[in-house]
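Thank you all for coming. Let me put the structure up on the screen, and then I will talk you through it.

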Amino acid sequence: MNYPLASIDTAALQHNLQQARRFAPNSRIMSVIKANGYGHGLLPIANALLETDAYAVARLDEAVLLRQGGINHAIVVLEGMHTREQFQCAIDQQITPVLHLAEHVELLLKCNGQVPFCWLMLETGMHRLGMPAEALRLAKQQLNSAGYTDQQLGLMSHFANSDLLDDSRNSAQISVMRQLVTETGLSACMANSAAIISLPDAHYQWVRPGLMLYGVSPFNEQSAKDLGLKPVMQLRSTLIATQLLKPGDQVGYGGEWTATKATRMGVVSCGYGDGYHRHLSNRGNVIIRDRLLPVIGRVSMDTICIDLEHCPAAMPGDEVLLWGSTQLPVEQVAMSAGTIAYELLSVLTQRVHRDYCDGQS
Ligand SMILES: Cc1ncc(COP(=O)(O)O)c(C=O)c1O
């Protein structure tokens, strides 16, 4: 078996999609599979989620890859298109744009043909991508005049703080959205994972889960298990060497960990070249033979070092779990690295083998 290995449980993914449906029973689901399916693999994840109502990716080239891979669902490009050629490609491949600048409408209307649907991105408080209400009304008028019916148009917005429970900025964003939904009568799509779980007022006709599909909790206060989500990825590797250290021996680049007593140390084949975060130097943990063991010294490109004191039986060839179990969820590893699970998952490199199973094996 090749290591490091990301084992991806497609049955867990499908379970999490159903769980999103349970949280938002009256909404259609646009599964967010951008950034290589949050690191899990774009096409395999799309194929495992065929029961979704639509897909969302960030960029046009991701959408084209999905079409080339035989995906016939609606595919929404969240960052939208930026040139006339890109809009023409979207028309030719029947890909759905998000229009977040007035210029997008002009570019789209210069092309031959129509896209199947347009999402008009409304600025409700995140101040990233989105048009203010005034520009959006104008965009809608132009599209209507060019032959797009209201059934081909929708309102989209995105939360800046939905992972924070009871934050008044969420209700403020919801009320800006509600006003435009009432005024235009268009269908709407606003909720990401955290909002699907905690902000039912933002469900509307469509919801847009990403993180929860991969079995990761969007909240610090609630675990994936609490939310009925199953982790999809387990990242594993193997112990490739052990050494006995004397007091005073230093481990790895920069000698940032020094043995204070005789210590058995193990080397695991996984490093930042695989996407294992360098901030886990002297801070991360792994599991060997059911024992939680600390990462010592700096994370190298290909390896990390582990203090084996609490697992004296560990041997080269042993399997090492880097994240994805109840004892070591990716959320906890992200916290140790001072980052978020989104980042750890999506920066896994090509070198990590992905192995897909349906939970049976
Ligand atoms: C515009 C947009 N919608 C939806 C999502 C999905 O969010 P989440 O992964 O928190 O469910 C993202 C993720 O970054 C996004 O950028």
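How much area is buried between domain 1 and domain 2, and what percentage of that area do carbon and sulfur atoms give? Before I answer, please keep in mind that this is a predicted model, in which local features need pLDDT of at least 70 and side-chain atom pairs count only at pLDDT 80 or more, while totals for chains, interfaces and linings use all residues. Residues are numbered from 1 along each chain as its sequence is written, and side-chain values use heavy atoms, with hydrogens and water left out.

The domain assignment, which is automatic or comes from a database, divides the protein chain into domain 1 (10–214) and domain 2 (233–357), and the C-alpha centres of these two domains lie 37 Å apart. To come back to the question, the area buried between them is about 870 Å², with carbon and sulfur atoms giving 61% of it; buried area here is the accessible area, taken with a 1.4 Å probe, that two parts lose on being put together, summed over both.

In terms of contacts, meaning heavy atoms within 4.5 Å, ten residues of domain 1 meet seven residues of domain 2.

On the side of domain 1 that touches domain 2, helix H1 (10–23) and helix H2 (34–38) each supply at least two residues, helices being DSSP runs of H or I with at least four residues, numbered from the N terminus. The largest share of that side, three residues, comes from H2.

Turning to the ligand, 13 residues surround it, the closest being Lys34, Tyr38, Ser193, Leu211 and Tyr342, where a residue counts if one of its heavy atoms lies within 4 Å. A polar side-chain atom of tyrosine 38 lies 2.6 Å from an oxygen atom of the ligand, and a polar backbone atom of glycine 210 is 2.8 Å from a ligand oxygen atom.

Notes:
A polar contact is a pair of N or O atoms within 3.5 Å; within protein, one must be able to donate a hydrogen and the other to accept it, and residues adjacent in sequence count only if both atoms are side-chain atoms.
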